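User: I'm new to this one and would like to go through it step by step. Could you put it up for me?
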Amino acid sequence: MDLENNNLPSEFYSRHKVFHELLKIRVREILMVSSPYDAFILEEDGSLVSRIINEYSGLNLSLPPRVTRISSAHGALSLLKEKEFDMVITMPHLEGMDAFSLGLEIKKVRPDLPVILLTHSIRGIYPLPENRNCQGIDKIFVWSGNSDLLMALVKNAEDHLNADFDTQKAQVRVLILVEDSPVYSSYFLPLIYKEIVRQTQAVLEVGLNEEHRLLKMRARPKILLAETYEEAFELSEKYHDFLLGVISDTRIPKNGKIVADAGFRLLSQIRKQLPFLPLLLLSAESGNRVKAGQIPAVFLDKNSPDFLAELHDFFLTHLGFGDFIFCLPDGTEIERATDLRTLEAKLHQIPDESLLYHAERDHFSNWIMARSEIALASKFSEVRASDFSNIDDMRQYIISNIRELQRWRQKGVVLKFKADHYDPYIMDFLRIGDGSLGGKARGLAFMSTMLQENDTIHDKYSEINIRIPKTLVITTDGFESFVTQNHLKHFASDDFTDEEVTEGFLNADIPEWLVKDLEKLVAQVKIPLSVRSSSLLEDAQFQPYAGLYQTYMIPNNHPDLLVRLKHLITAIKLVYASTYYEGPKAFTRSTSKQPQAELMAVIIQQLTGKEYGDYFYPAISGVAQSHNFYPVGHMKAEDGITHIALGLGKTVVEGEKTLRFSPKYPNLTPQFSTVDDILENAQRFFYSLKIKDYPDNLNFRKYSNLEKREVDDAESEFPVKTLASTYVAEEHRIRDSAYIPGPKIMTFAQVLKYNIFPLPSLLSDLLELGRKGMGCPVEIEFSVNLSSDKQRKSDFYFLQMRPMVADRELFDVQITPQEFKNAFCRSSQALGNGKTEEIADIVYVKPDDFEAKATVKIAEEIGRVNTGLLKGNRPYLLIGPGRWGSADRWLGIPVQWKDISGVGAMIELRNEKLKADPSQGSHFFQNITSLGIHYITVTEGSDDFFDWKWVGSLPVIQETTYLRHVRLEKPFIIKIDGKKSQCVIIGP
């Protein structure tokens, strides 16, 4: 089941970006000029301000304007000089001058400021005296106590001010209302606005979040009010390409005089130019219905008792706000679609003549534009039915574009999972429950939004699909319900081993409501899945909890749905159980938090990769960091660092052998300096998921249900053939091709040297994007699927993004020459900054007794020593060879956090026995640095120094097979200059 499409249309990448640019001119400040009596009348009808606010709130509109009242015309003119206003509403009877004179004075100062005359009765101003100049008043309305009018006249002013820009920028549609009577325009305008706003809100997809709904409301049709034939015709010409419809009274002024059929003539003229545009003729004379039929146009009798219902029906039926009604050319209804999803489904079924009928009349474009889908509506409006060679091509064109729109509109939005509406093709990020997404899922959702809003990255790398894997999050209320229902909270205490916690959680029952949703999910999704943790504290800034919880992979392709469901539920229970494992609890206490406060969400995610024989894995997995703790040569710390490996990312995040490079300098690989270095340091093993011939009871305990394979075993598989080089023994040379005989060596030369996939530059851009978004250095976990088909794009997947703590403000630390001379330890590769004088205990691996094959036993011994020191509240310096926390026992000592939870500082020794590269790509390393634990690398045989003789002379507190614990009478001093990465440790 292929859930991906490799040809996402570029016009959808900036869908929401355009909405931010609409409605730039807003009415935020209103000056209300009225006599005390008029103000009293308005207040009697209810507070003007509260009525405006209530009306905005009732229609879910944003930013209601603020109203400032003043009683005199001269006072108003003075106030306009002191403060910026966006609109003036004046009543007719003012102290000092009349409203028309005030309007003229205002226009002298602010010619573009809308001035609205609001009167209680038309008799108070009509007929206008011949010598009275009305040019100072933009519009006249009649107040009858209807607060809808206040909202309408504000919105109408905004529409007139923004129409030019918004139509050109986003093809926003225009609805023209032609009415010369202030009485009727004061009645119709609020009705039409309320109908437009409500219908626009009704058709916006329920999946949109509130921010996107408010943004898309900006693209609702503009309503432009015209009072004369000439004004209306000018508007229809100006906005010819953007017209949604025209509503006109029959009797309107033409050439300065009221003409009984001027509205009929106006609509007839527009009909000649736009044969399918919705037109509505209004009249108080029912006899004009015949004239409307001649246009043809819809007719509404102003005196009809059903006027409101008929106006509502016009919006639904003719302006595209209701169901899409599929008709035959004779008008016979054959189908209905309520939303984009059902529209797409019906398009597969309707007869050719119906499809052609609607396509020729721009019905698809109008209906989609009513849903504020500007890009697609505009695209459809620019295409004619005659552009297609046959009807099937046109049908496929419409269907494929609607499908892509549905898919793209979900990006950057976290939707609620609804089994009845779930479409795995178009829905990318879903949630079950109303609780928190957890830290890891929040990072994914944030990155999804950033990718949605930054179309330049997609344009620059148009040959790549840059994606977040399809994701469903079970929010933290699922965990709370599970723990409460099964009485599991007691496992948060220290008295239980990981095995006891696991057994307790596996024997518990998942809540029934969650099981029902999961069953509906696996019924439709049959691709490999990753089940990952997303705790409340995970990936939080400065305390990322990286890798402390569990992740499990399941093939999810068993023919029996119940078996698939069982695998998924077991994986979820195991992730839940890891919340109360010893490692996370120890780490939580070290951050001054309580394990009981931790809550767990679960991410169910499409596993990235492709099928190769019996296995499933990506070509490349990696971790990229925007801060490099160990820059070499001309690298800078801010250039970043990347670790990549073949297969699933367990190799990288657990500190096994990977290829390390800076995205800025991809050809500079220090661990690959010579042929011997390459043979020694190249990746030999990788992880993949078995998806064929696996047992019904998956082995979750070993490698999280993954299989560890040798690179040589996958020599015939596409990723190895593409990314590996070959060692030619007789030449003692490595050739950048996997298509010649000889052992395969993972050099990734085709990517780093020959740029078949622009990974280094893409990572540089994405790290910068992430850094700007989070405001600090970031770490990204990613994977790459390389396409073997040149017609299909390769894929880059974001798996995770978390903040790093590398850019904390560094205060100056000076290390004097005398301190260098007196130090028992010197290092040129140290992490941290500052001076520490609180450690007097040293635990070290005895150099003479160390054996690489004993690293697992050494880790166990460290755990026991750590327990004693932790109880005594004594921080200690831990010293040992190779990578601390590596899952590869041959690269270092595989301690977990629970084994070293009391450590104060660590020294990683690099020597001939274990000369592993720095371990900064691992989860373990990320957690050490996030807690501010000093991490010091000493390369023996270089300028670095460690005085084994002096340390060996210290009093021994305890000794094991491989460890010695010594103690000083007074704490020693650790000084680290974080800017130079230099460290000295000086005895008391």
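User: Is F233 buried or partly exposed, and at what relative accessibility?
Analyst: Bearing in mind that this is a predicted model, F233 has a relative accessibility of 22% and so counts as partly exposed, whereas Y229, at 13%, counts as buried.

User: How are the rings of Y229 and F233 arranged?
Analyst: By the rule used for ring pairs, the count comes to 28 aromatic pairs. In the pair made by Y229 and F233, the ring centres lie 6.3 Å apart and the planes meet at 10°, which is under the 30 degrees cut-off, so the pair is stacked. Both residues belong to helix α9 (residues 229-238), where being four residues apart separates them by about one helical turn.

User: Which charged residue sits over the ring of Y229?
Analyst: That is K254, whose charged end sits over the ring of Y229 at 4.7 Å from its centre. In another such arrangement, the charged end of K708 sits over the ring of F685, 5.3 Å from the centre of that ring.

User: Switching to helices, what does α23 look like?
Analyst: Helix α23 (residues 561-578) has 18 residues and reaches 26 Å from its first C-alpha to its last, close to the 26 Å expected at 1.5 Å a residue.

User: Last topic, sheets: what is the strand order in the six-stranded one?
Analyst: The order in this open sheet is β15-β16-β18-β21-β19-β20, and the pairing is mixed. At the edges stand β15 (415-416) and β20 (551-554), each with a single partner strand, so one side of each is left without a neighbour in the sheet.

User: How many bridges join β15 to β16?
Analyst: Two bridges join β15 to strand β16 (residues 429-432), and these strands run parallel. Within β16, L430 is the bridge partner of L415.

Key:
Residues are numbered from 1 along each chain as its sequence is written. This is a predicted model: local features need pLDDT of at least 70, side-chain atom pairs count only at pLDDT 80 or more; totals for chains, interfaces and linings use all residues. Side-chain values use heavy atoms; hydrogens and water are left out. The expected span of a helix is 1.5 Å times one less than its number of residues. Rings of Phe, Tyr and Trp (its six-membered ring) pair if their centres lie within 6.5 Å; planes under 30 degrees apart count as stacked, over 60 as edge-to-face and the rest as tilted. Buried means under 20% relative accessible area, exposed over 50%, partly exposed in between (1.4 Å probe, protein chains only). A charge sits over a ring if NZ of Lys or CZ of Arg is within 6 Å of the ring centre and within 35 degrees of the ring normal. Two strands pair if DSSP finds at least two bridges between them.
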